[in-house]
Amino acid sequence: MNNEERGMTTIGDGEVDGFIYIPEDAFDSEYYSIMYVTFDSLANKDFFSDSYKNSIEKKVDKLDRLFDTRKIERKKELQDKAISELEVQEKTVAENEAKLIVAQKALSDAKGQLETQKEQLTAQKELVISQYGQSVADQQFAATEEQIANTEKQLNDQQQTLIENQEKIKEAKEKIEAAKNDIKEMDTPNYYKSNCYTLCNE
């Protein structure tokens with residue numbers, strides 16, 4: 001087979017324009033995507049007769065009505081499944097948000113305690129300065145001041161981490177809301193049938 005002639009087909013204009021290779025696992029689906037329908041009651045009828053065509057049209061009309069109902073049911077199935085998955089995500093986000101609230105409260109309490117310590121240190125240092133001078137006070141409180149400064153840095157780092165995590169929670173909630181909207185506006189699935197006269201005769 002050359003590059004200009006790739007073979008014939010009964011679909012479209014009858015010519016094959018190209019080939020696509022798909023891995024086997026791409027066909028692994030929990031749902032059927034194609035259904036071939038035959039009618040035993042038409043097996044002995046002349047394919048070209050009016051009786052055959054009238055019978056097949058009635059059966060096709062009945063199938064169309066069934067599929068009109070089925071596609072609505074299928075949409076609900078897809079929506080319910082998607083919503084169920086979102087509910088799991090929502091629960092995880094809610095749990096993480098609750099943890100952040102607890103962590104923020106603990107951090108705020110720690111900051112409050114640190115501010116109290118700083119105020120107490122300032123008062124003590126001023127007293128020592130008034131009695132013994134700046135040099136003595138600096139030497140006496142150097143280690144405590146360094147400890148407070150390190151603690152303050154750690155608390156500020158923790159606050160920054162909390163802010164970043166809070167932003168992630170916000171983004172996750174926005175994505176969930178967007179997904180809910182997509183689910184709500186989901187298109188109704190459709191079913192397509194090929195030439196039934198040919199299909200039913202095969």
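Two exercises with worked solutions follow.

The model is predicted, so local features need pLDDT of at least 70 and side-chain atom pairs count only at pLDDT 80 or more, while totals for chains, interfaces and linings use all residues. Residues are numbered from 1 along each chain as its sequence is written, and side-chain values use heavy atoms, with hydrogens and water left out.

**Exercise 1.** Determine how the axes of helix H1 and helix H2 are arranged.

*Solution.*
1. Helices are DSSP runs (H or I, at least four residues), numbered from the N terminus. H1 covers residues 50-132 and H2 residues 134-184.
2. Their axes, lines fitted to C-alpha atoms over the stretch in contact, come within 8 Å and cross at roughly 165°. Angles run from 0 to 180 degrees between N-to-C directions.
3. H1 is therefore roughly antiparallel to H2, a term for angles over 145 degrees.

**Exercise 2.** Identify the salt bridge partner of glutamate 97 and state where the two residues lie.

*Solution.*
1. A salt bridge requires a side-chain nitrogen of Lys or Arg within 4 Å of a carboxyl oxygen of Asp or Glu.
2. Glutamate 97 meets this with lysine 173, the closest N and O atoms being 3.3 Å apart.
3. Glutamate 97 belongs to H1 and lysine 173 to H2, so the pair ties together parts 76 residues apart in sequence.
4. Glutamate 97 is partly exposed at 29% relative accessibility, as is lysine 173 at 37%. Partly exposed lies between buried (under 20% relative accessible area) and exposed (over 50%), with a 1.4 Å probe and protein chains only.

Conventions. Angles under 35 degrees count as roughly parallel, over 145 as roughly antiparallel, 65 to 115 as roughly perpendicular and the rest as oblique.
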